[in-house]
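Hello! Here are a few friendly notes to read with the structure open beside you. Please take the points in order.

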Number of protein chains: 2
Amino acid sequence: MCEAAAFMYTNGREELIMESIDVIEPIDERGFRLVSLFGEQKEIEGRLKAVNLINHRIVFEKQPY
Amino acid sequence: MCEAAAFMYTNGREELIMESIDVIEPIDERGFRLVSLFGEQKEIEGRLKAVNLINHRIVFEKQPY
């Protein structure tokens, strides 16, 4: 399967936010809605830092540009 | 493999931008750098509209929030 795990990068560390993510949708400029394979939803504040699909990793960060 | 294809949503239509994408990285606030499995790179202007990992689809759009 091609789901991914999401992490929040804060103070040089990555903290796991959610696993088995299928869908990522922006919520205006504040953040993103994450939806898992199982229909679980989570809203996070922050911006996208990087997505690496082969490694199944999505990293967000709270810092502005 | 878990690569995805990227599309640009414009005027109600989705146009293929790039296939076999591994990495997505933001370029400040302007857009994103896409990197394929084969090391090919492309920079696009726009914002993220939606990512669907199970369907291997990444959709961008040029409209602001």
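1. Let us begin with one serine. Ser20(A) lies in strand 2 of chain A; helices (H or I, at least four residues) and strands (E, at least two) are DSSP runs, numbered from the N terminus. Ser20(A) is not a glycine, yet its phi is positive, about 55°. Most residues other than glycine have a negative phi. In chain B, Ser20(B) sits in strand 2, and its phi is also a positive value near 55°.

2. A word on ground rules. This is a predicted model, in which local features need pLDDT of at least 70 and side-chain atom pairs count only at pLDDT 80 or more, while totals for chains, interfaces and linings use all residues. Residues are numbered from 1 along each chain as its sequence is written, chains are lettered from A and ligands numbered from 1 in the order in which they are written, and side-chain values use heavy atoms, with hydrogens and water left out.

3. How are chain A and chain B related? A rotation of 180° with 0.0 Å of shift along its axis superposes chain A on chain B, with an RMSD of 0.0 Å. That is the relation of a two-fold axis. In chain A, Cys2(A) has the C-alpha nearest the axis, 2.6 Å from it. The superposition is by least squares on the C-alpha atoms of residues with pLDDT of at least 70 in both copies.

4. Now look at where the chains touch. The contact (heavy atoms within 4.5 Å) takes 25 residues from chain A and 25 residues from chain B. Since 100% of the interface residues of chain A are also interface residues in chain B, the copies meet through the same surface.

5. How much area is buried between chain A and chain B? The value is about 2,000 Å², and carbon and sulfur atoms give 69% of it. Buried area is the accessible area (1.4 Å probe) that two parts lose on being put together, summed over both. On the side of chain A that touches chain B, strand 2 (13-27) and strand 5 (47-52) of chain A each supply at least two residues. The residues of that side divide into 16 nonpolar, two polar and seven charged; here Ala, Val, Leu, Ile, Met, Phe, Trp, Tyr, Cys and Pro count as nonpolar, Asp, Glu, Lys and Arg as charged, and the others, Gly among them, as polar.

6. Strands also pair across the two chains. Strand 5 of chain A and strand 2 (residues 13-27) of chain B pair in the antiparallel sense over two bridges; two strands pair if DSSP finds at least two bridges between them. Val51(A) has Ile24(B), in strand 2 of chain B, as its bridge partner.

7. Finally, a hairpin within chain A. Strand 3 (residues 31-36) and strand 4 (residues 41-45) of chain A run antiparallel and are joined by five bridges. Val35(A) has Gln41(A) of strand 4 as its bridge partner. Four residues lie between the strands of this hairpin, where Gly39(A) takes a positive phi near 85°.
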